[in-house]
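These are my notebook entries on a single structure. I set out to look up its pockets, cores, ring pairs and helix faces, in that order.

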Amino acid sequence: PLELIVVDDASTTPFLLPGEPDFDARLARLETNRGPGAARDAGRRRARGEYVAYLDSDDFWLPGHLAALVAALQASPETGMAYASTMEMRDGRPSRLRRWNEESVEEILPTLLWKRPWHTSSCLWRRDLVDAMGGWMPIWHWEDHEHDARAGCLGAKLIHVPEPTCFAEVD
């Protein structure tokens with residue numbers, strides 16, 4: 001089963017779900033713009049599934065992205081997070097593979113101290129790890145690193161899916 005939680009961080013443009021999706025789709029609207037950490041946490045608190053993924057509004061996944069990450073996590077029960085390689089987008093076109101995405105990293109720490117080969121939108125987290133980490137901080141900068149550092153402090157293991165199935169706008 002799939003659930004989609006769209007968090008509207010007090011945008012001025014209304015969001016409408018197209019048609020009648022064949023999965024659980026819900027909209028959560030924040031009354032004031034609180035930034036990416038607060039928006040992601042609003043979605044995390046509402047999520048009920050075994051896995052949690054975050055997709056920023058300017059990023060997208062290829063079909064099969066989540067299925068590949070679920071398969072990687074199912075094949076590695078001790079792993080807390082799977083991440084796919086990410087293609088950077090410039091001017092709406094694929095530009096290049098994100099820096100360090102050709103490397104496979106198995107631990108968040110100490111890697112996170114000098115680089116972050118995964119992009120937030122490329123990750124799929126096990127729910128038990130997400131719960132143990134607690135909420136995202138409502139900050140505007142480096143919220144991803146702070147979030148991931150807590151997973152690293154818990155000894156979370158990673159698995160890399162080398163196929164670039166996540167696309168992130170960098171302009």
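Entry 1. I looked up the largest pocket and found about 1,600 Å³ of space in it. I worked on a 1 Å grid over the protein atoms alone, where a pocket is an open set of points with protein on both sides within 12 Å along at least five of seven lines, and lining residues have an atom within 4 Å of a point. Grid points are joined across faces, edges and corners, and the volume is the space filled by probe spheres set on the points. Of the 47 lining residues, Ile-5, Ala-53, Tyr-54, Leu-55 and Trp-61 are the closest to the pocket centre. Two or more lining residues come from each of strand S1 (3–9), helix H1 (36–46), S3, S4 and H2. S1 gives the most, with seven residues. I take helices (H or I, at least four residues) and strands (E, at least two) as DSSP runs, numbered from the N terminus.

**Entry 2. Basis.** I note that the model is predicted, that local features need pLDDT of at least 70 and side-chain atom pairs pLDDT 80 or more, and that totals for chains, interfaces and linings use all residues. Residues are numbered from 1 along each chain as its sequence is written, and side-chain values use heavy atoms, with hydrogens and water left out.

**Entry 3. Cores.** I searched for nonpolar cores, meaning sets of buried Ala, Val, Leu, Ile, Met, Phe, Trp, Tyr and Cys residues joined through side-chain atoms within 4.5 Å. Buried is under 20% relative accessible area, exposed over 50%, and partly exposed in between (1.4 Å probe, protein chains only). The largest core has 19 residues, and Met-81, Tyr-83, Ile-108, Trp-118, Trp-125, Ala-151 and Leu-158 have the most contacts inside it. Strand S5 (81–90), strand S7 (123–126) and helix H3 (127–133) each give two or more residues to this core. H3 supplies the largest share, three residues. Another core, of eight residues, lies apart from it and includes Tyr-51, Leu-69, Ala-84 and Leu-124.

I then listed the contacts (heavy atoms within 4.5 Å) of Ile-108. Beyond four places in sequence, Ile-108 touches Trp-118, Trp-125, Asp-148, Ala-151, Gly-152, Ala-156 and Leu-158.

**Entry 4. Rings.** How many aromatic pairs are there? I counted three, pairing rings of Phe, Tyr and Trp (its six-membered ring) with centres within 6.5 Å; planes under 30 degrees apart are stacked, over 60 edge-to-face and the rest tilted. Phe-60 and Phe-167 are stacked, at 4.9 Å centre to centre and 5 degrees between the planes. Phe-60 lies in strand S4 (residues 59–61) and Phe-167 in strand S8 (residues 158–169), so the pair ties together parts 107 residues apart in sequence. Phe-60 is partly exposed at 37% relative accessibility, whereas Phe-167 is buried at 10%.

Entry 5. I found His-65, Leu-69, Ala-72 and Leu-73 to be the buried residues of H2. Seen down the axis of H2, they fall within an arc of 95 degrees, so they line one face; the arc is that of the directions from the helix axis to the C-beta atoms. Ala-67, Gln-74 and Ala-75 are exposed on the other side. The cover over the buried residues of H2 includes strand S3 (51–52), S4, S5, S7 and S8.

Ser-76 lies in the loop between helix H2 (65–75) and S5. Is Ser-76 buried or exposed? Ser-76 is buried, at 9% relative accessible area.

Notes: On a 1 Å grid over the protein atoms alone, a cavity is a set of points where a 1.4 Å probe fits but cannot get out, and a pocket is an open set with protein on both sides within 12 Å along at least five of seven lines; lining residues have an atom within 4 Å of a point.
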